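Please look over the structure shown below with the following briefing at hand.

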Amino acid sequence: MTQLDKPVNSRVTVRPVMSYRDMGKFIDVPWRVYANDPMWVPPLRLERRFHFSRFNPYFKHGEWQAWVAFQNGEPVGRISAQIDSLHQEHHGADSGHFGLLECIDDAEVFAALLLHAEAWLAARGIRRVSGPFNLSINQECGILVEGFDTPPVVMMPHSAPWYSRLLEEHGYLPAKDLLAYKISVEFEIPRVMQTVIKRFSPQITMRTLKRDQFDQEMEILRDIFNDAWSENWGFIPFTREEFAELGSSLRLLLPDEYIQIAEVNGEPAAFMVGLPNLNEILIELNGSLFPFGWLKLIKKVRNHQIRTGRIPLMGVRKKYHSTPIGLALACLVIDTPRQIGIRHGVKEVELSWILEDNVAMRGILDSIGSEQYKRYRIYGKTL
């Protein structure tokens, strides 16, 4: 037993996750933290097992350690620490992350968790830590700081309201805010956007995913995304394996028309992926697909019984940024899924997440009447 594995005080013990049983306790911590929070949506335990397993392609470029905090023998908190070689290539070899932070409102437990994550990172040469990332910026990230009165949509995090306070008490400072917008699918396209679309529509072709060329289509989307986001804060590229794994998940749940690709003179130039908000169903399943949860999930998706959605992935190639045709591309990849959503009975969509300083995209969202309703925050600290 190392010094850090010993009890931090008489009430708190932090133990590393080293076994299948340990991982079960790690996964179950949120059920304790959010026991009285009606807005929390339980994740699927089976999916979490996969996410934290060696089969997750993230671990081809990332290493991590996870811990669970115990108080009087009961698990009451958890945290992870990660070092991502792809992130280091783009943002410096002394950078690392914490993530998967969940904890009861107890300063001693919170401090013990941070102590272990920071010590693990510091021992590996990390001097700049940021987070939370679950596990990277291309997955769930950020602490919820505004919007606690509504549940999260699919693949977005939820947080307890005391996390930001406790992080700041331990020297963490805000590094970047991420915003979530919501909008009715029956919004009216502003006249200026209609004019731009009409002007450039002869050059732009919208099409859906070609399922019989699925692997090639995923590579097209990955290439556009990595190019479109390459200069954004915190960017790391999706690897081929990561995007393929994401595509495999989407393939089971999404109609082809939920993935839209815009081509300019035959060249793929922009795309959008829409998701039905599976959290409408998951909130009823309490983390398990068995015995009948999987039937409910498939039935509601296939019968278009989900009334909200999310646009998690969208990109316009960098060469079109800040150009009129780029605006037309952005407008089209937003408007096309809007019409699809109306046909499928969707009432409201979340667009997330958007960097707070992404003035151009926020301007488009403001112009179509969307409402900023959640704010997530990335924190950083120098060790």
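Predicted model: local features only at pLDDT ≥ 70, side-chain atom pairs only at ≥ 80, totals over all residues.

Residues are numbered from 1 along each chain as its sequence is written, and side-chain values use heavy atoms, with hydrogens and water left out. Helices (H or I, at least four residues) and strands (E, at least two) are DSSP runs, numbered from the N terminus.

**Helix α1**

- Helix α1, which covers residues 20-33, has a kink of about 30° at Ile 27, shortly before the proline Pro 30; the bend at a residue is the angle between axes fitted to the seven residues ending there and the seven starting there.
- Ile 27 and Pro 30 are both among the buried residues of α1, together with Met 23, Gly 24, Phe 26, Val 29, Trp 31 and Val 33, where buried means under 20% relative accessible area, exposed over 50% and partly exposed in between, with a 1.4 Å probe and protein chains only.
- The cover over these buried residues includes the helices α2 (45-51) and α5 (163-169), as well as the strands β2 (62-71), β3 (74-84) and β4 (95-103).

**The pair α7 and α8**

- Two packed helices are described by the angle between their axes and the distance between the axes.
- For helix α7 (residues 214-228) and helix α8 (residues 240-253), the axes come within 10 Å and cross at roughly 120°; axes are lines fitted to C-alpha atoms, for helices over the stretch in contact, and angles run from 0 to 180 degrees between N-to-C directions.
- On the α7 side the contact is made by Phe 214, Met 218, Glu 219, Leu 221 and Arg 222, and on the α8 side by Arg 240, Phe 243, Gly 247, Ser 248 and Arg 251, contact meaning heavy atoms within 4.5 Å.

- Glu 118 lies in helix α4 (residues 107-122) and counts as buried because its relative accessibility is 16%.
- Leaving aside residues up to four places away in sequence, Glu 118 touches Tyr 172, Lys 381 and Leu 383.
- Asn 226 belongs to helix α7 and, at 14% relative accessibility, also counts as buried.
- With residues up to four places away in sequence again not counted, Asn 226 touches Phe 235, Pro 237 and Phe 238.

**Cis peptide bonds**

- Asn 134 and Leu 135 are joined by a cis peptide bond with omega of about 20°, and Leu 135 lies in the loop between β6 (133-134) and β7 (140-141).
- Another cis peptide bond, with omega of about -10°, joins Ser 352 and Trp 353, and Trp 353 lies in strand β14 (residues 348-355).

**Positive phi outside glycine**

- Asn 72, in the loop between β2 and β3, has phi near 55°, a positive value in a residue other than glycine, and with a relative accessible area of 65% Asn 72 is exposed.
- Leu 100 is not a glycine either, yet has a positive phi of about 50°; this residue is placed in strand β4 and counts as buried at 2% relative accessibility.
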